Amino acid sequence: MAAAAGEAAGGGGGSPSSARRRLRIISGHLRGSPRAPGRGALSPSPCKAQGGSAGPASGSIPKKRQELLKWNGWGYNDSKFIFNKKGQAEFTGKRYRLGGMVLPTFKEWIEKTFGASLEHKTTSRASLNVNDVPPSIVNEEFLQDLRATKISYSQDAEDRVFRAHGHCLHEIFVLREGMFKRIPDIVVWPVCHEDVVKIVELACKHNLCIIPFGGGTSVSSALECPEEEKRTIVSLDTSQMNRILWIDEKNLTACVEAGIVGQDLEKQLAESGFCTGHEPDSMEFSSLGGWVATRASGMKKNIYGNIEDLVIHIKMVTPRGIVEKNCQVPRMSTGPDIHHFIMGSEGTLGVVTEVTIKIRPVPEYQKYGSVVFPNFERGVACLREVAKQRCAPASIRLVDNAQFQFGHALKPQVASIFTSFLDGLKKFYITKFKGFDPNILCVATLLFEGDREKVLQHEKQVYDIATKFGGLAAGEDNGQRGYMLTFVIAYLRDLGLDYYVIGESFETSVPWDRVLDLCRNVKERIVRECKEKGVQFAPLSTCSSLQQGDTDLRCRCMCLLLLCL
């Protein structure tokens, strides 16, 4: 890279020899490290990590995922929404703040919103019937070569089914009601980059397919196996590649194996006083490699950036060789940037094994907040002004009235009469004294992070802007509850499916001047499609804004639909 840097500094010398040198540098990035023996060759070496340990770190998600996670639904086995013997909704388990709490108004909200009784219930299969699972078809010569590498593998039906899908609605529906016609034939668990090199070499030798598997939270059908594929399909589970290889405290970077899940990455970095700040909704289960492969965005993007803003270096194993830049720097003048080929490729080009990312010191101070607006239009206008002034907090999410009502129905039972009185007083102040219509108002939840003094200044600036658009401060508790609901909302789909209610969300980025049009048109289209297809009950469609940029806003639409009984 020294030659490229010199040419860039020297201006526009355009000689043919100079151009050839630059092309050689670029092609070198695409082929892999020039130190590899031969063009595109793979050169495995012993697994190495801090302290000389070659094994995986102890992670939150076990190798046998079925020991902890649902096989046909979202999240942990012990965490779910249920209706108890009194007919009240509650959330089980102790992993979340909502755990063990009763939600006294949720059932009433469902019946009122959809106009239907919850007496009609369907239940999914309690356990996997291995007789329904397609048989594993694996070349015996491949198995012999795989055993020689001493890389862990499994042909167990449960292991294979767990890695045959992501979390699209249709995938979960298939698991509850039937079975996929094609699933991986074998699951392998590499523990380091060199193991992946060996697996890819064997796949090339025996003409096999590889589907990389990280946390399994994909919502793009990327993990589904094509029915027509006749070759052996290998699910390459990266979960045992979960170590932080090194931390550079001076340059604030860390090299991390791609299989680590978000919650473990943050925990391990926090032990050294650092964080990434990258928090996608799925961070408990999704992996660093998955974030890269799907070009992920996080809830605190306003401060920390999206995954493409955090990545310094990527190492990826492909059938043609190891692809990586020749040096670990945040930016190069030569192009195209190979990272932009890799990010968003969803495992189609190779297996991401190691990622060097930017890190930051754990923020000194964190504060939640919330703002109530008279209507969604005022809320969007406020967010636009916040974006213009470039003062967005770490997270700011605006939800429309339908989603506000939905979230309010998930509010747990209050602990005391005094708390209940305060809630009633706040409602009276907003609706009666300030004149907000409870059927039109919307809410924004806020999260501020950083130096305490700067956070307080930042908070004042945002609330001052909100006031100009008719916004009222609604307290820290509402902001924190709204933020934390993000991590449990996915569990609701499983409860809904038990009662013939299907739910799905979809999101996009839209220019600021089209935000309101988009939200209105999407809702109208959903209603029209349901009517044309003979759906008996009206759908519930909600919109929320997730992140804002200078020129656009990222919006999410959620649809809940009660099917005909």
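Q: Which residue caps the N-terminal end of H16?
A: Asp-451 does: one of its side-chain oxygens lies 3.2 Å from the backbone nitrogen of Glu-453. Keep in mind that this is a predicted model.

Q: How far apart are the end C-alpha atoms of H16?
A: They are 25 Å apart. H16 has 17 residues, 452–468, so at 1.5 Å a residue it should span 24 Å, and the two values agree.

Q: OK, which residues of H16 are buried?
A: Val-455, His-458, Glu-459, Val-462, Tyr-463, Ile-465 and Ala-466. They cover an arc of only 155 degrees around the axis, so they sit on the same side of H16.

Q: And which ones are exposed on the other side?
A: Glu-453, Lys-460, Thr-467 and Lys-468.

Q: What follows H16?
A: Gly-470 follows, and its phi is positive, near 80 degrees.

Q: New topic. Where is Ser-235?
A: Ser-235 is in strand E7, which runs over residues 233–237.

Q: Buried or exposed?
A: Ser-235 is buried, because its relative accessibility is 1% and the cut-off for buried is under 20%.

Q: What is Ser-235 in contact with, leaving aside neighbours within four places in sequence?
A: Its contacts are Arg-163, Pro-184, Ile-186, Val-187, Val-188, Ile-211 and Phe-213.

Q: How far is Ser-235 from Tyr-153?
A: In sequence, 82 residues separate Ser-235 and Tyr-153; in space they are 9.7 Å apart, C-alpha to C-alpha.

Conventions. Residues are numbered from 1 along each chain as its sequence is written. This is a predicted model: local features need pLDDT of at least 70, side-chain atom pairs count only at pLDDT 80 or more; totals for chains, interfaces and linings use all residues. Side-chain values use heavy atoms; hydrogens and water are left out. Helices (H or I, at least four residues) and strands (E, at least two) are DSSP runs, numbered from the N terminus. The expected span of a helix is 1.5 Å times one less than its number of residues. Buried means under 20% relative accessible area, exposed over 50%, partly exposed in between (1.4 Å probe, protein chains only). The arc is that of the directions from the helix axis to the C-beta atoms. A polar contact is a pair of N or O atoms within 3.5 Å; within protein, one must be able to donate a hydrogen and the other to accept it, and residues adjacent in sequence count only if both atoms are side-chain atoms. Contact means heavy atoms within 4.5 Å.
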